[in-house]
Amino acid sequence: MFVAALFLSGCATLNDPLEIFKKHSSAIETSQVVDEYRSIEQFSIKAKFAYSLDANGGSGRLIWRYENNQDEIDIFSPFNNQVAKIIYASNDKRIIDANGKVLSGDDFDHYIQSLFGKNISPDLFRYLITNHVDRIKNMHKDENQLNRATHFYNDEWNILITAFKTQDGFAIPSKISITQGKFSFNFIVEEIIHIAGK
């Protein structure tokens, strides 16, 4: 809980934590047809996020690198102070806070749960970004927009992609909204640093 409090103090709570999300247009950013069969094997992106649960919420920025089946996510406050680093792979899940304290195993899941009120796995966002939506289990897909699924849902979750960015012939969702009841998490890709795939 201490680490969660530290993170939340680093991510400034806003009157409306979703304000950064609302400022972006809801239109698809690319005019190109997106190849729904083209997958991404590695990427580096800069993004920002905002979340809310009941009357609480916050926002921040991140740099996310994915390579060799491992995620490395540096999380920053809105004022660019690094508050945590996440290392996430099938056999290694760790969070390192700004003081160097390491949480792993069950502590990792409890930490994410205490931060957002929900346990959101990096897997979900990575599957959306890398076009491996077939790995998202137990969710329905709505009709595609620009040849790629943009709406996923079940009785619990609702995921909506409203924008894509393209680079080197690859397209990634650049605006993702996830909701469950009073919980909302919004993710915006500001810059693609590197992207590669097949």
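This is a predicted model: local features need pLDDT of at least 70, side-chain atom pairs count only at pLDDT 80 or more; totals for chains, interfaces and linings use all residues.
Between which two strands does the loop that holds Thr150 lie? The loop joins strand S9 (148-149) and strand S10 (151-153), and Thr150 lies within it.

Thr150 and Leu160 are separated by 10 residues in sequence, while their C-alpha atoms are 5.9 Å apart.

## The nonpolar core and Trp64

The largest nonpolar core contains 45 residues. Ile45, Trp64, Phe185 and Phe187 are the residues with the most contacts inside this core.

Trp64 touches residues from several parts of the sequence, leaving aside those up to four places away. Among them are Phe43, Ser44 and Ile45, then Asp71, Glu72 and Ile73. Pro122, Phe125, Arg126 and Ile129 are also in contact with Trp64, as is Phe187.

## Aromatic pairs

The model has eight aromatic pairs. One of them is formed by Trp64 and Phe187, with an edge-to-face arrangement: the ring centres are 6.2 Å apart and the angle between the planes is 85°. This pair links distant parts of the chain, as Trp64 belongs to strand S2 (residues 56-67) and Phe187 to strand S13 (residues 183-197), 123 residues apart. Both Trp64 and Phe187 are buried.

These two residues also belong to a wider group. One aromatic cluster is made up of Phe43, Phe49, Trp64, Tyr66, Phe125, Phe185 and Phe187.

## Helix H4

Helix H4 spans residues 122-129 and is mostly covered, with seven of its eight residues buried. The buried residues are Pro122, Leu124, Phe125, Arg126, Tyr127, Leu128 and Ile129. Asn131 follows the helix and has a positive phi, near 65°.

A salt bridge joins the side chains of Arg126 and Asp123, with an N to O distance of 2.7 Å. Both residues lie in H4, three residues apart, which is about one turn of the helix. An α-helix has 3.6 residues a turn, so residues three or four places apart point the same way. The two partners fall into separate accessibility classes: Arg126 counts as buried because its relative accessibility is 7%, whereas Asp123, at 21%, counts as partly exposed.

## Salt bridges elsewhere

In total, the count comes to 10 salt bridges. Side chains of opposite charge can pair when their charged atoms come close.

Arg94 and Asp92 form another salt bridge, with 2.9 Å between the closest N and O atoms. Arg94 is partly exposed, at a relative accessible area of 28%. Asp92 likewise counts as partly exposed, with a relative accessibility of 22%. Through shared partners, salt bridges also join Arg65, Glu72, Asp74 and Lys85 into one network.

Note on methods
Residues are numbered from 1 along each chain as its sequence is written. Side-chain values use heavy atoms; hydrogens and water are left out. A nonpolar core is a set of buried Ala, Val, Leu, Ile, Met, Phe, Trp, Tyr and Cys residues joined through side-chain atoms within 4.5 Å. Buried means under 20% relative accessible area, exposed over 50%, partly exposed in between (1.4 Å probe, protein chains only). Contact means heavy atoms within 4.5 Å. Helices (H or I, at least four residues) and strands (E, at least two) are DSSP runs, numbered from the N terminus. A salt bridge is a side-chain nitrogen of Lys or Arg within 4 Å of a carboxyl oxygen of Asp or Glu. Rings of Phe, Tyr and Trp (its six-membered ring) pair if their centres lie within 6.5 Å; planes under 30 degrees apart count as stacked, over 60 as edge-to-face and the rest as tilted.
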